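Hi,

Here is the structure I promised to pass on. Have a look first, and my notes follow below.

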Amino acid sequence: MTDYDDPELAEIADRLRAPDATVRRIAVLALADFDGDEHLPLLVGALGDASADVRAEAAQALEAFETPESVAGVARLLADDDEDVRAAAAQSLAQLKLASSAIALLPYLASDDAFVRAAALRAVRELRAPETAAPALAALGDADPLVRREAVSVLGWLKHAEALPALTTLATGDPHADVRRAAVGALGSATDDAVLPALLSALRDGAWQVREEAAATLGKLRLQGAAAALIAALDDPYWQVRLRAARSLGRLRSADALPALIAALTHTISNLRKEAALALGEIASPLALPALREAANDPDPEVRKSARLALQQTEAAA
């Protein structure tokens with residue numbers, strides 16, 4: 001037996017050397033239930049197992065841990081010959097939380113393999129590590145749309161001001177809707193209205209997901225010049241866009257939106273009625289009081305609740 005203080009751990013360590021891959025995989029599963037970190041070297045070692053099933057299981061088990069050794073070991077599996085192992089490694093790395101873990105992933109951002117580049121970018125996205133800004137900027141021009149989308153997300157999380165011109169171009173000009181949508185969302189880190197033309201253009205995009213993101217971002221930035229376009233978006237063919245437009249008009253507190261929002265209180269979609277009531281509460285205009293009083297008796301309880309809240313806000317502001 002291997003020398004471990006814990007007899008159970010020692011027994012599992014022996015099973016990890018068994019000739020049967022199924023036995024080794026079950027041993028990895030048993031390791032995942034251990035507390036502390038004494039078993040981590042065994043899990044990291046299992047990343048190099050001859051069986052793809054064992055490697056994938058070890059990568060998944062290490063999702064709950066974040067040490068330099070475990071991150072480096074799982075990152076190596078991004079280039080594994082087995083597709084399932086690569087997917088397990090990517091999923092595990094996507095759970096990273098420590099900015100210091102980004103260092104181990106930097107070499108993979110320049111991989112020849114598009115899957116590896118995208119997975120590494122996704123892994124560093126929420127780490128907000130300054131070292132990832134330059135490779136993410138370079139990846140905005142990647143030939144693979146998934147890589148571009150992940151690069152956009154990294155820069156959005158970093159709130160990287162230098163990326164805004166490139167993100168503006170992608171928001172309106174990338175051929176892939178997923179990239180345009182991500183770029184529109186990333187423009188929410190802007191600190192002025194220079195991004196307004198791009199966002200207004202995105203509000204007319206052919207993909208409703210891009211229009212929805214544009215409506216949300218315009219509200220987040222509270223760009224007053226967007227009111228007219230958002231009012232028009234209340235008639236969008238997709239209810240998701242209308243919902244976001246109503247919410248954003250509330251954030252803008254646009255008096256021009258009153259007629260359209262009051263009309264939306266009688267829409268057939270209850271979620272839109274709810275958002276219209278909430279937006280009217282933000283605007284808090286006495287002109288909306290009669291319509292809000294009617295909405296307070298709406299058949300949908302969520303609409304009634306929102307209308308009553310809006311009434312309180314409006315009456316308090318009078």
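Before the notes, one term: contact means heavy atoms within 4.5 Å. Two more to go with it: helices (H or I, at least four residues) and strands (E, at least two) are DSSP runs, numbered from the N terminus, and buried means under 20% relative accessible area, with exposed over 50% and partly exposed in between (1.4 Å probe, protein chains only).

This is a predicted model, so local features need pLDDT of at least 70 and side-chain atom pairs count only at pLDDT 80 or more, while totals for chains, interfaces and linings use all residues. Residues are numbered from 1 along each chain as its sequence is written, and side-chain values use heavy atoms, leaving out hydrogens and water.

**The whole protein**

You'll see 20 helices and 0 strands. The radius of gyration is 26 Å, well over the 20 Å that the globule rule gives for 318 residues, so the protein is more spread out than a compact globule. (That radius is taken over C-alpha atoms, and the rule is 2.2 Å times the number of residues to the power 0.38.) Along the principal axes, the C-alpha atoms fill a box of roughly 80 × 40 × 30 Å. Of the 318 residues, 50% count as buried.

**Helix H12**

H12 runs over 177-186. Its buried residues are Val179, Arg180, Ala182, Ala183, Val184 and Ala186. What covers them? The cover includes H10, H11 (164-173), H13 (196-202) and H14 (208-221).

**The largest pocket**

H12 turns up again here: H12 and H10 (145-158) each supply at least two residues of the lining. The largest share, 4 residues, comes from H10. Among the lining residues are Arg128, Trp157, Lys159, Ala182, Ala186 and Lys220. By class, the lining has 4 nonpolar, 5 polar and 3 charged residues (Ala, Val, Leu, Ile, Met, Phe, Trp, Tyr, Cys and Pro count as nonpolar, Asp, Glu, Lys and Arg as charged, and the others, Gly among them, as polar). A pocket here is an open set of points on a 1 Å grid over the protein atoms alone, where a 1.4 Å probe fits, with protein on both sides within 12 Å along at least five of seven lines; lining residues have an atom within 4 Å of a point.

**Serine 101**

Serine 101 sits in the loop between H6 (83-93) and H7 (102-105). Is serine 101 buried or exposed? Its relative accessible area is 7%, so serine 101 is buried. Beyond its neighbours within four places in sequence, serine 101 is in contact with Glu66, Val71, Leu96 and Leu127.

Cheers
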